[in-house]
Each structure stands twice: as structure tokens, then as C-alpha cells.
Amino acid sequence: GRALEAQPVTHSASIPIAAANASHSKASACSSDVFSIAPSLPPSTAPAAAGLGGMRRSKRSRDLTKLDSVLGDETQGAVVITAKDPPYNIIHANKAWCELCGYEAEEVEGKTNKILTGPETDPAQLNELMRAVRRCEPTVHTLVNYKKGGKRFVNQVHVSPLYDENKDVVAFMAHLTEVA
């Protein structure tokens, strides 16, 4: 399997303008020689996250169980992993994310993070976040989101591309921290 490679974080000012403005026809437009993972996953995550994007259902289920054993620890916080391509469907949500957002993992797999949006979610903030994702840039935003039952919460979202050993983007990781 392909393993994820944690790379040092670089400041967004170091991103070449040509690369940041390149069209996003394929995820390969996002290369780790331009963008880095922030925050990086622990090294033990690499074997579990291998090949997230294109695995068959049974292999994917086994690998996600391994991934959950790494990301499920409360010290990692609320983490959701999405596909590398639009519409960025949820591949995996750890226990902390499920508890924060009020969903079961099975309910959200295959859906998008739009399930968390509501009347007070700022569309401009979401558009800015999605522009960064399309350019494979790490980004941080504070959003008003909604739990499954409709309860409003404010959270800081850190979104980062995840790379394999070939420096190809294989998924995106969002780390949520409730701030109000």
C-alpha cells in the first residue's frame, strides 16, 4: 500500500503564485513540493491511511478501522478525512468528530461537510476555505456550524491535504476545535 508522508509546514507566503493559480483539473496539480501538510499526521497513521482514495470497499473498511485506531484517540481531537476530489465526500470521521457533531460515522460516510452548515454559516468563509482546498493549500477558518440536532456551534477548522510517498494528494484532513 501507499503510505502518507508527513512533511514540515511551510508558510503560505512561500507558495509560488503560478502554482496557487493553476487550474485544478486533477489532484496532481497539488504537489507537496509546493504545499505541505499542516498539521501533519503522526507517523503511525501512514500505514493505515494507505490508498484511501481508490480502495475496494472491504480493503477500505479495514484501512479505515486502522485509521480510526490512530485518529480515534481523544488527544488527536475531532478529525474528518475527505476524498481528494470534488465534492470532497467524507471518507472517515473519528469518534471525537462524531461526538462533536452528533453523527455516527456510518451516517456521514459518502456525504459532504455541508451537513454541518446552517443559517449562520458564512458563505464567504466557506468559499475562501474551498478555494484553499482546490489549490491544495492548508487553511484555517472559524465557522459557525450545526450539529445533527440543529444546535449551533462555533469551531476552528484546520484543513490540510494529505500526501502519499509519491507526493500525490490522496485525501484532505479537517481538524475541528469547538471555540464557542
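Reader: Which residues are buried in helix 6?
Author: First, a caution: this is a predicted model. In helix 6, the buried residues are Leu129, Ala132 and Val133.

Reader: How are the buried residues arranged around the axis of helix 6?
Author: Start with the general idea. An α-helix has 3.6 residues a turn, so residues three or four places apart point the same way. Now this case. Down the axis of helix 6, the buried residues fall within an arc of 105°, so they line one face.

Reader: What covers the buried residues of helix 6?
Author: The cover includes strand 3, strand 4 and strand 5.

Reader: What caps the N-terminal end of helix 6?
Author: Asp122 does. One of its side-chain oxygens lies 2.9 Å from the backbone nitrogen of Ala124. Just after helix 6, Cys136 has a positive phi of about 60°.

Reader: How many residues are in the largest nonpolar core?
Author: It has 25 residues. Val80, Trp97 and Phe172 are among those with the most contacts inside it. Helix 6 and strand 5 are among the elements that each supply at least two residues. Helix 4 gives the most, with 5 residues.

Reader: What does Phe172 touch?
Author: Leaving out residues up to four places away in sequence, its contacts include Val80, Tyr88, Val133, Cys136 and Val159.

Reader: Is Lys147 buried or exposed?
Author: Check the cut-off: buried means under 20% relative accessible area. Lys147 is at 19%, so it counts as buried. Lys147 sits in the loop between strand 3 and strand 4. Beyond its neighbours within four places in sequence, Lys147 contacts Leu100, Cys101, Phe153 and Glu178.

Terms used
Residues are numbered from 1 along each chain as its sequence is written. This is a predicted model: local features need pLDDT of at least 70, side-chain atom pairs count only at pLDDT 80 or more; totals for chains, interfaces and linings use all residues. Side-chain values use heavy atoms; hydrogens and water are left out. A nonpolar core is a set of buried Ala, Val, Leu, Ile, Met, Phe, Trp, Tyr and Cys residues joined through side-chain atoms within 4.5 Å. Buried means under 20% relative accessible area, exposed over 50%, partly exposed in between (1.4 Å probe, protein chains only). Helices (H or I, at least four residues) and strands (E, at least two) are DSSP runs, numbered from the N terminus. Contact means heavy atoms within 4.5 Å. The arc is that of the directions from the helix axis to the C-beta atoms. A polar contact is a pair of N or O atoms within 3.5 Å; within protein, one must be able to donate a hydrogen and the other to accept it, and residues adjacent in sequence count only if both atoms are side-chain atoms.
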